[in-house]
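Have a look at the model, then read on.

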Amino acid sequence: YREVISELKAAGASWIQFDEPTLVLDLDSQQLQAFTAAYADLESTLSGLNVLIETYFADLTPEAYKTLIGLKGVTAYGLDLVRGTQTTDLVKKDFPKGKYLFAGVVDGRNIWANDLASSLSTLQALEAVVGKDKLVVSTSCSLLHTAVDLVNETKLDDEIKSWLAFAAQKVVEVNALAKALAGQKDEAFFSSNAAAQASRKSSPRVTNAAVQKAADALKGSDHRRATNVSARLDAQQKKLNLPILPTTTIGSFPQTVELRRVRREFQANKISEDDYVKAIKEEIKKVVNLQEELDIDVLVHGEPERNDMVEYFGEQLSGFAFTVNGWVQSYGSRCVKPPIIYGDVSRPKAMTVFWSSTAQSMTKRPMKGMLTGPVTILNWSFVRNDQPRFETCYQIALAIKDEVEDLEKAGINVIQIDEAALREGLPLRKSEHAFYLKWAVHSFRITNCGVKDTTQIHTHMCYSNFNDIIHSIIDMDADVITIENSRSDEKLLSVFREGVKYGAGIGPGVYDIHSPRIPSTEEIADRINKMLAVLETNILWVNPDCGLKTRKYEEVKPALNNMVAAAKQLRTKLASAK
């Protein structure tokens, strides 16, 4: 860093920003001391420069704040005043004279228009503490996490559009606040912003009294199924009659160019609904036949009708809006288009029953119903900021509950409710973990607390470090959980080696679908053997790590073939051992 700083200095840089969001975590004194030592080391190199340290995504602890304002060679501090609700108090108590405060009052992680009047009063209070020429108006974090420009949205109606600000609009908000602070307030801009804030508060589209009432009524119970999991598994086995080490997949099958074309043409009204339904039914039939040929035990319909696991459901729920170009980076070059939850959520009609029943009618084997869980829908959307997140999550849970019960009525005996994003919603601070996990796990249980013992509820979880939340996962009380295992180098199994007791069905992924590599039968059998060393034979399932949507059929067929062969090999071995 000394080299980089020297080069920047030579190139004429006058300000350098260091991002140090780590400061918002629960750091011990040794870790905080490392910050102090590092910046003391850089002090001479930094002289003559303005140095900004940016923190974001949460409050600073009093100790971290004290460390931050004591760093050598630093001229300015950037604080997230949107997620960091208590940080303002720390500034008011103690702010070093002559230093700059970059006040992050415009939310960089959501798409709602700023409440300018409220932000201005926050800024004015801070100005009295840090001094007029030392306060800089800023976003709470970088604008990477929000969509680019509202101008690109041609299909959102004017009312909803007036409530929103994408990255380009947030820059305008920052400037408007800075000018207002300097005595050049744009009255027209501020009054149209106030009108939009008021319209959002009073709009009948935002509030649904029946949904509010149903969500309020949830608070008295913890919504557990009446029978314990081992009794339920016995009842399910009598009905499903599965072999030991039953095989299944996670849900999606490859989405071919042809399939995407059919969906696109249907959306653009280039083909009729009848033609679209016929094409999707043919695709489902192909996927069902392939799974029967491979001799998989519990089938899926392959999800050919779905664009994205959250968007697909959001499009069918009320209280959601969708963008045309609201892309946000997920990782690498992969982008997602998160739905916007602007109002109370409900399910006007069944969403998946037609396709799941169609698929079940094509086979005598059990067909899994496929749903995205409430916590994942919440965590992968832009969520309304006018009520606590858990209230929105409970509303989504009630909508999914209706769907689960309709699938059961339609004769679907195995229903998977994916909670891929449960772990990633975990707050950064340990003190907030218990509350989040309580309502997140509760939301999942709400979705399936009304089904019969013979209906088998599965859930699926993607890449994450689950070891620290394993007790919450057990508390979800699913009948079967399929969970990433092979990509994280089987870290998950260490939990069971350490003696955590798990009585429900579990399918730690036997191969990584994010790679085109085709694992051999021996390799998969070896993985299953490692699992059998720590898990009971009668609860273990055999499945890939994740859905197969991004893979090609020439990879999927041999990989699944080897997976089934490995399961059969071990069934024979276990039977002869008995």
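## Sheets first, then helices

Three bridges link strand β12 (residues 414–418) with strand β13 (residues 456–461), and the two run parallel. Strands here are DSSP runs of E with at least two residues, helices are runs of H or I with at least four, and both are numbered from the N terminus. Two strands count as paired if DSSP finds at least two bridges between them.

Before going further, a word on what you're looking at: this is a predicted model, where local features need pLDDT of at least 70 and side-chain atom pairs count only at pLDDT 80 or more, while totals for chains, interfaces and linings use all residues. Residues are numbered from 1 along each chain as its sequence is written, and side-chain values use heavy atoms, with hydrogens and water left out.

Back to β12 and β13. Across that pairing, Ile415 sits opposite Ile457 in β13. Both strands belong to an open sheet of five, ordered β10-β12-β13-β14-β15 with parallel pairing. At the edges stand β10 (368–372) and β15 (505–508), each with a single partner strand, so one side of each has no neighbour in the sheet. From one strand to the next, the twist averages 20°.

β6 pairs with strand β9 (residues 340–346) in the antiparallel sense, over three bridges. Within that pair, Phe320 faces Ile341 in β9.

Now follow α16 to its helix neighbour. α16 and helix α17 (residues 433–448) pack at about 20°, with their axes 7 Å apart. (Axes are lines fitted to C-alpha atoms, for helices over the stretch in contact, and angles run from 0 to 180 degrees between N-to-C directions.) That makes α16 roughly parallel to α17; angles under 35 degrees get that label, over 145 means roughly antiparallel, 65 to 115 roughly perpendicular, and the rest oblique. In the contact (heavy atoms within 4.5 Å), residues of α16 including Phe390, Tyr394 and Leu398 meet residues of α17 including Phe435, Trp439 and Ile446. The residues of this contact split into ten nonpolar, four polar and two charged. For that count, Ala, Val, Leu, Ile, Met, Phe, Trp, Tyr, Cys and Pro are nonpolar, Asp, Glu, Lys and Arg are charged, and the others, Gly among them, are polar.

Among the residues making the contact are Ile524, Ile528 and Leu532 of α20, and Met563, Leu570 and Leu574 of α21. Sorted by type, the residues in the contact of α20 with α21 are eleven nonpolar, four polar and one charged.

α21 also packs with helix α12 (residues 273–294), at about 35° and with axes 10 Å apart. Here the contact includes Glu283, Lys286 and Leu290 of α12, along with Tyr553, Lys557 and Val564 of α21. The residues of the contact of α12 with α21 come out as six nonpolar, one polar and three charged.
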